[in-house]
Amino acid sequence: MQLWNNPTVLKNGKPQSAADGSRAGTIAWQILHAHSSGDAQHLRIRFDSLISHDITYVGIIQTARASGLTHFPVPYVLTNCHNSLCAVGGTINEDDHVFGLSAAKKYGGIYVPANQAVIHQYAREMMTGCGRMILGSDSHTRYGALGTMGVGEGGPEIVKQLLENTYDIAMPPVVLVYLTGRPRQGVGPHDVAIALCGAVYDSGFAKNKVLEFAGPGVAALPMDFRIGIDVMTTETACLSSIWQTDSKVEEYLAQHERADAYRQLTPAEGAQYDAAIMIDLSEIEPMAAMPFHPSRAFTIRELQENGADILRQTEQLAQQQFGGKVSLHLTDKLVGGKLHIDQGIIAGCSGGMYDNIAEAAAILDGHDIGCGYFSLSVYPPSIPVNLELIESGVQQRLLEAGALFKPCFCGPCFGAGDVPANDALSIRHTTRNFPNREGSKPANGQLAAVMLMDARSIAATARNHGVLTAATDIDYTAPAPHTAHFDAGVYEKRCYFGFGKPDETAELKFGPNITEWPKIPKLTDDLLLKLACVIHDPVTTTDELIPSGETSSYRSNPLKLATFALSRREPQYVARAQKIQALEASRAAGTPDAELLEVLQKLGKDASALNTLSVGSVIFANKPGDGSAREQAASCQRVLGGAANICYEFATKRYRSNCINWGMMPFTIDEGVAFDYDAGDYVYVPGIRAAIESGARGVAAQVITKAGCTPITLHLPELTKEERQILLEGCLMNYYAAQRAQKG
């Protein structure tokens, strides 16, 4: 794999390092500008459709209701694939589903009942079309292989679309991903995706850019293979993806009863890209992404040859991550030079494709997974696909080998299904392997690990009863190319299709866990921030900011959910934030805590300064926000009185947007500035309201420690007019409420 970090032009179908082409010739440019009402460099996008699942749609609809929602202006799909299991007991998960159906009836939405399909498979089967754009409240909203630009964002961006506002963004750089060659038998889409993530993630090569796939290698890939690579582009930190389309896309859409959704998309002659990634598919080997990130990419061959060193590095990472409070023992799994695995999972929007599961069945045909500790579970992505697996005999062959089939459910990807045992090593064809995402709880002494691998090598490992094995190292007869027999009748019988038919008389159905957002204050003239958490990890994921798993059941209850914030990374955070909230309450009541007066004294100010400021908590992290689009990573901080994040850079555009939409200052500091401060220290930011109003790119602040005051410059990278107004009003809901008030 080669990275060309320079302008690249397609001439006669081949990439050349040059800058004499046209950016308007890329597929991405054509689609983005067809959906934008802005100028060439400042996009104001309206999406063709929206999609959410059951740990995001309740909060989105509640926010939109508070902002004046009357109906869904575009098709909005509410799927139920994340809170499909009752992970915490009680009725709260099914209460959310009932709320979702009632909202679809009231506002004119599309409702997909639990276990019918995972969010992204439903979108592929029913919503995609060449040249379209879909916005989803899930970070893996990627449909580029079907000619549709998918963007995953936090819920507030969905709210904006529901209220017929735009998604505003500067025209992103476009990176050509040029494919040549053909994968050999035993190599699957996850192998290509993991190799891609490993090549680009650490350097930020693809961050906030659009990846555009083209080249002769595209034609060599079946649709499920393309889709499997495409959905994983999220893990490169790119903004979106798009692929050239061909007869295979045309056939896929026709098979899914949407032939009219096809049109050919190809880059124009002379299309110019900002950079390029050259991938020869024939050179890709079976891969493994080691805990704790999809970019920790090694070939399985390397892992077999140097397993002790690689596993020891992972153990050391765990020690650093958890401060030695709990240990991971992976080198113990090397027995006789062979790595023994505890669990295999093939699931969801990346692993649960028909072709992946059929290939796994071919590898296991006539074999078994053994009766030891190793287990194998398979989660198909939709009922139509599951019906095909039954009709073709694929499911039967896997069941006969000892695998278990489970519902259409995303749980294994985020820790709500098939949580491995303590100290276990799980291999998964799912999207992520962040720390504790699989469901372990270090604070309780529980720690497990996940390696990402392709379904083919997972099946090969299962065939060897858990001994790590690459699919290229075994003999098997690959299944014949698959011709889909998609039955939309399954959805027609069970899904509610209400778009264009809102019923304003329909009542929303609320369970006791569904609560309104607490009142959020406007931005004051000055801010006094107290550090509630300081994290110097290279990257802080959204899974660490608000854990997944059983906490997902509380996503409809902002106050309850907030009590889990940073619980698996910094368990003291919530108590600290609540104490800071109490300081603000004392200030607002006119009875300021003595601590506040002492801080003001260090700043050379008297108690009158309390009249123009508010007290809020702040998190410092080197690079926060990698991973999920979930806005709760930001909203939980805000509910607990959070007023800002300070960092060197934000890991993703979507997390920065979530901070802004929830009214938290997105401060950055220069890379060379040491942030040697601790939880309990203060940051005083005078004139912040005036700075936001004027569009200032930075503000002079003071850090107050026991030793005294130190100046620090906090940067505010360019904010749009709307973003500034959202921050001034305190959050997106307040912003829309103010707009309604102005209109009378």
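**View 1. The residue that follows helix H3 is Gly 108**. Gly 108 has a positive phi, near 85°. Helices (H or I, at least four residues) and strands (E, at least two) are DSSP runs, numbered from the N terminus. The model is predicted: local features need pLDDT of at least 70, side-chain atom pairs count only at pLDDT 80 or more, and totals for chains, interfaces and linings use all residues. Residues are numbered from 1 along each chain as its sequence is written, and side-chain values use heavy atoms, with hydrogens and water left out.

**View 2. Helix H3 comprises residues 92–107**. Its end C-alpha atoms lie 22 Å apart, in agreement with the 22 Å that its 16 residues should span at 1.5 Å a residue; the expected span is 1.5 Å times one less than the number of residues.

**View 3. H3 is largely enclosed by the rest of the structure, because 12 of its 16 residues are buried**. Buried means under 20% relative accessible area, exposed over 50%, partly exposed in between (1.4 Å probe, protein chains only). Among the buried residues are Ile 92, Phe 99 and Tyr 107. Their cover includes helix H2 (57–66) and strands E6 (76–78), E7 (110–111) and E25 (496–497), where contact means heavy atoms within 4.5 Å.

**View 4. Five strands form an open sheet in the order E1-E15-E11-E12-E13, with mixed pairing**. Strands E1 (2–4) and E13 (240–243) are the edges, each pairing on one side only; two strands pair if DSSP finds at least two bridges between them. Strands E11 (residues 174–180) and E15 (residues 275–280) run parallel and are joined by 6 bridges. Val 175 has Ala 275 of E15 as its bridge partner.
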